[in-house]
Amino acid sequence: MDKLWLDHFNFRFDPFEHGEASRDPNLNRYLIGHEAFSVAWSETPAMIYSPPGGGKTALRIYTARACWTGGGGYQPFPIHYHLPHYFKNGDFSTVEDHLEQIVHSGAHALFLAFAYYPLIFIRSAPSLQKQLAQFIFTWIPKIDFYLDVLREGKPDEVAGQLDGSYKLYQTPDPTLLALLLEILAKYHREDPLPVSLSIQKIFERMVHWITGDLGFRAVYLLLDGVDGFPELASSPGFAAQSLAQLFAKAPKWTASHIFVKGFLPQEIRAHLREQLEDRWTAFDQIDLKWDAAILADMLRRRTYVATEGEFASLSAVSALPSNQDLELELARVVNPLPREALTLVRQVLFEYETRWGRNPTAAKQIRIEDMEKALAWYRNDQAHITKELASIAQG
Amino acid sequence: MAAKFIQSSSYDPKKFIDREEEIQQILTLLKQSQPRVRAIVIDGDRGVGKTWLSLHLQRTIFKEKITGITSWLFSLWSPGENYRPEGEGTQTNERFVRDGEQLKLDEFLEIIIKSLSIELPPNPTLAEKVDSIRRYVQSHVDHRFVLILDSAYESDWSLIEQLETHFLGNLLTLGNFFVIVTGRGRPYPWKVPYLIEAIRFGLGKFTVDQIKEQLKKFGLSSVLSVNDIFSIGQGWPLFTEQLARAKNHAEALDIAADILFAVLPSYERAIVREYFEALCPLEGFGEAEAFVMVQAYKPDNKEDGRSICRKMNETRLISWKNGRYEMNQPVQNILRQYLPIKNKEAWIHLQNAAYCHFKEQAADRSMERFRPFFEKLMETHAKVLSEMGIKDTQICSEHKPEEALS
């Protein structure tokens, strides 16, 4: 399908397209549920819970991009710690295991921060530049390849290959990027400094560069993906054990302006609480809750943004009587998760386009029959899949 | 339908009425040490006084009531050729966009850079300009910097997007930088956390006493009573001055309607105004109603429902609320008073068209589950007709609903 509906309904882009949040360049205009964002955004350790498809990853990406809105300034510095990206399986439990991969992701984060906003690097002192460059070269294998990709002027391409979570859909100023690449090339030609520090020291040094030398307000460590490992998803007790040592550090780290934000499956909560004992109270806790009304709001918000405020509901381009709520009708049917609601809306638009394609003289308008067909498809073909997913998540 | 009103007065501090509560709220925020929220969003319908408040803050309050502050006022949208709230001539740290003009981000930054006497490197990039401003603000920690963006929602959203992406998101991270945004109609979907979490308030309408005070401060005596002015203008301060000059009630309504539509470009003002007149009997509407009502009012109409809604939407005098398009309150109030007096026959015809449309919808089998909703709407319009002495609704002609859409 060609998505003719975009033109028919005057949408500037498709706001329902991306099942995966990191691929959606417009994600940061869709925020609803400010309460959960406030927890993710505040300078405290936090745990944010939801079932699979409940918006954890979207909120993590959202929080990271919010840090970069405006291109720096006195912002928190986000480091993504998406576990499946850094571990092959769920076999990790020591602080050192975690720090090693956090430093790895921190190097990605710094390299891409400089790629998107070269001035941050260019403005720093030469001695710091040298240390930062050598840190990046040490911790990003195949850096030559990524530098070559960056020469094409598209940091999104580099982010896509290193860790898609870091994509910002921004283009740097070409002259500043050229200057950055020139400076990095200069340090790349020099011999690397021998590294004999412990991983703990390397982590501390990295944080000091970010919050001390580069002037960021804090480091936000955004942990996600626990339910990406079957062995962890099926055993929340084991998952909690694997993360307990890292979370135990979080209260102490706040003094160094490091704030751990866990985006976690709900089942892990009781086990983590048990493991963390008195440190548990240091964490802000919130559940991402979805019901039909909030899901309908989410769909309407997307329509509003994609039509640049022209209308805030697909009802405006439907045969439903004015004052009737198309989004709420759909949201009442699906399992109460954003992913599900988006799937159903996509199907409504598919049904519209299929019907209209058969008769291009028909009104360019979603009809009740399009909704009914989409609902029947969802009930027959989709509901069992989501139930299976839910049961996997619940062990 | 030529405008009969003379140009409204430009801002004059001696004519400014109240808004004490809003001003106090802003001053309290500015006097706090490192407040967490440093953005304020003020919304309100056309004529409620957002631009006058912006001017009052910029030219009077920030000069007289608080020290250690630098502020800029950018008014990002022009209310048309008939009104210049800022007066003649330019003032420092102000930029008012004229009719049909577009402000570029570069010019915006230049104004700020010049006012702060910041020295830039040769051929600075956008990032370097913003960085220089940030460094300046950051190095003056005991000073407050306030940016007022007036009429932001009505403006070109691409400028707002550039502003938030390259400037606001950066500067708002500093504890001594503040932004005040005013706008009407569709709120801009911010992505900057500090604007998402902004303090929000709407500007209220004036009371009868405030209108009385307004007349006094403007030195106007009026043929209409203060209550008449309040009833027609619904407490929106923009109308008071013009209505006070009207010779009678009918002329006052005419003037009020002209003021409302003066914001539209002259080449399409008449036609878009007809759309509003055609749809004012409805509480809200969709594309189908837009077509039916405009067709009833203007039988030679060639636009479909979607295109009518789009043109009305561009005026920012309607917005999507409660699952339908709704006219801004002052627009609907004034047209509902104006049309039955100016063209009673058309008013009756429109009420009848609405009645017939909803009757047809109620009879549509595919809409069966919505029948009670349509019947209620039929009842509303039948009641208006009955109040106007039309006991039996006229014969409803058949038409195909498909015609309503492209």
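The following paragraphs describe the interface between chain B and chain A, and then a sheet in chain A.

The model is predicted: local features need pLDDT of at least 70, side-chain atom pairs count only at pLDDT 80 or more, and totals for chains, interfaces and linings use all residues. Residues are numbered from 1 along each chain as its sequence is written, chains are lettered from A in the order in which they are written, and side-chain values use heavy atoms, with hydrogens and water left out.

The contact (heavy atoms within 4.5 Å) draws 51 residues from chain A and 48 residues from chain B. Together the chains bury about 4100 Å², with 52% of it on carbon and sulfur atoms; buried area is the accessible area (1.4 Å probe) that two parts lose on being put together, summed over both. K191(B), R306(B) and W320(B) supply 14% of the area that chain B buries against chain A, more than any other three residues.

Five salt bridges (a side-chain nitrogen of Lys or Arg within 4 Å of a carboxyl oxygen of Asp or Glu) cross this interface. In one salt bridge, the side chain of E164(B) meets that of R29(A) at 2.5 Å, N to O.

Chain A also contains an open sheet of five strands, in parallel pairing and in the order β2-β3-β4-β1-β5. Strands are DSSP runs of E, at least two residues long, numbered from the N terminus, and two strands pair if DSSP finds at least two bridges between them. β2 (76–82) and β5 (284–287) of chain A each have a single partner strand, so one side of each lacks a neighbour in the sheet. Within the sheet, β1 (residues 46–49) and β4 (residues 258–264) of chain A pair over four bridges, and M47(A) stands opposite G262(A) in β4(A).
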